[in-house]
Amino acid sequence: MNKTTSLLIWALLLSLAACGKQEADRASGANAGEKAAEHSYIGGPDGRSEDDTPVAAEQAASGLPQPDMKKPLSSYPELQSGQQIMFLYVAASKLPPDYPKLAEWISDDYRMTSDNFRKNDLLSALKPQMEQKIKQAEANPYAWMQVDGVSLEPYDFERKGFSVGEFAGNQERYFYDVSQYRLRWANADQVQFVSVPDEAKAREIETLRSQYVVKAKVYFFAQSADLNSRIVQAYVTHVVITDQSGRMLVEYGPQGG
């Protein structure tokens, strides 16, 4: 073999080795790209990102304070005035209390006097009372209220229960003494239906329902405050359906529990 032939063979071998290295590099790069794509892909098959999924939205909503579902119902104070709603609102809002504005709602003298010195004296006298009410609402943001004339839909034989009109739509509850502050049921969808599989009990409730003599005790937790509308978002923890005398007909909680 002469020198020229040896050089040609050597050059051919070098060329083949270079081509092999380029193919390996391309394959390695493709695999790396697949790995990167795998780690950056956080959406589902429909292309939505993880933050758009219902589960993620539910987790975000869980940032709100949650009620103690084991809290004894006997420890819930009865809600009987708009002033109570007002102080629950202030406590839930976490904002500094506007004491002059609050004083206008709880004192006719303060609201009606035009003497600024007397107004200041009244505010000084009222402020400790208001502070105490706010502290109580912060320490125990629970209450129950009596709802008269609760409307129930006719018995649903497929679902074996009644739809409860009180929790349909965006119902609001308030008292006339301070009607600007109101309650709205935060989890109305979870308590819109009461299961009554017992036929005898269902017949009794159906009779009372048709006579419009059904009441309810609604137990709730002041979960948050709507800062744009003076509304307390009240999470319903328990519902007791009664007759006119207060005798319990059925009780249930969120999702029928």
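User: Which elements do the buried residues of α3 pack against?

Analyst: They pack against α4 (99-106), α6 (116-139), β3 (172-173), β4 (182-185), β6 (215-226) and β7 (231-242). Keep in mind that this is a predicted model.

User: How many residues of α3 are buried?

Analyst: The general idea is to count residues under 20% relative accessible area. Here 10 of the 12 residues in α3 pass, so the helix is largely enclosed by the rest of the structure. Among them are Ile 85, Met 86, Phe 87, Leu 88, Tyr 89 and Val 90. Gly 82 and Ser 93 are also on the buried list.

User: Let's do helix pairs. At what angle do α4 and α6 pack?

Analyst: For a pair like this, look at the angle and at the distance between the axes. α4 and α6 pack at about 90°, with their axes 10 Å apart. Angles of 65 to 115 degrees count as roughly perpendicular, and these two helices are therefore roughly perpendicular to each other.

User: Which residues meet where α4 and α6 come together?

Analyst: From α4 you have Tyr 99, Pro 100, Leu 102, Ala 103 and Ile 106. In α6 they meet Leu 123, Leu 126, Lys 127, Met 130, Glu 131 and Ile 134.

User: On to the strands. Which strands does β7 pair with, and do they run parallel or antiparallel?

Analyst: Take the partners in turn and check the direction and bridge count for each. β4 and β7 run parallel, joined by four bridges; Trp 185 has Ala 234 in β7 as its bridge partner. β6 and β7 run antiparallel with 11 bridges, and Val 218 stands opposite Val 239 there. β8 (residues 248-252) is antiparallel to β7, with four bridges, and Ile 241 sits opposite Val 250.

User: How many residues of β7 are buried?

Analyst: 12 of the 12, so β7 is largely enclosed by the rest of the structure.

User: What should I look for in the hairpins?

Analyst: Check the number of residues between the strands, then phi in the turn. The β6 and β7 hairpin has four residues between its strands, with Arg 230 at a positive phi near 55°. The β7 and β8 hairpin has five, and Gly 246 in that turn has a positive phi of about 95°.

User: Where else does a residue other than glycine take a positive phi?

Analyst: Most residues other than glycine have a negative phi, and that makes the exceptions worth a look. Tyr 212 is one of them, with phi near 55°. Tyr 212 belongs to the loop between α7 (199-210) and β6, and at 70% relative accessibility it counts as exposed. Lys 160 also has a positive phi, about 60°. Lys 160 lies in the loop between β1 (142-147) and β2 (161-163), and with a relative accessible area of 43% it is partly exposed.

User: Is Glu 166 buried or exposed?

Analyst: Buried, at 7% relative accessibility. Glu 166 is in the loop between β2 and β3, and a polar contact of 2.7 Å joins its side chain to that of Arg 173. Leaving aside neighbours within four places in sequence, Glu 166 is in contact with Val 147, Ser 151, Gln 171, Arg 173 and Trp 185.

User: And what lies 3.2 Å from a polar atom of the Thr 113 side chain?

Analyst: The backbone nitrogen of Asp 115. Thr 113 is in the loop between α5 (108-112) and α6 and counts as buried at 17%. Beyond its neighbours within four places in sequence, Thr 113 is in contact with Arg 118, Lys 119 and Leu 122.

User: Zooming out, how many helices and strands does the protein chain have?

Analyst: Seven helices and eight strands. Buried residues make up 35% of the 257 in the chain. Of the contacts with a separation of 6 or more, 65% join residues 24 or more positions apart.

Conventions. Residues numbered from 1 in each chain as written. Predicted model: local features only at pLDDT ≥ 70, side-chain atom pairs only at ≥ 80, totals over all residues. Heavy atoms only, no water. Buried < 20%, exposed > 50% of the residue type's maximum accessible area, 1.4 Å probe, protein only. Contact = heavy atoms within 4.5 Å. Polar contact = N/O pair within 3.5 Å; in protein donor to acceptor, adjacent residues only side chain to side chain. Pairing = 2+ DSSP bridges. Axes fitted to C-alpha atoms, helices over the stretch in contact; angles between N-to-C directions. Parallel < 35°, antiparallel > 145°, perpendicular 65-115°, else oblique.
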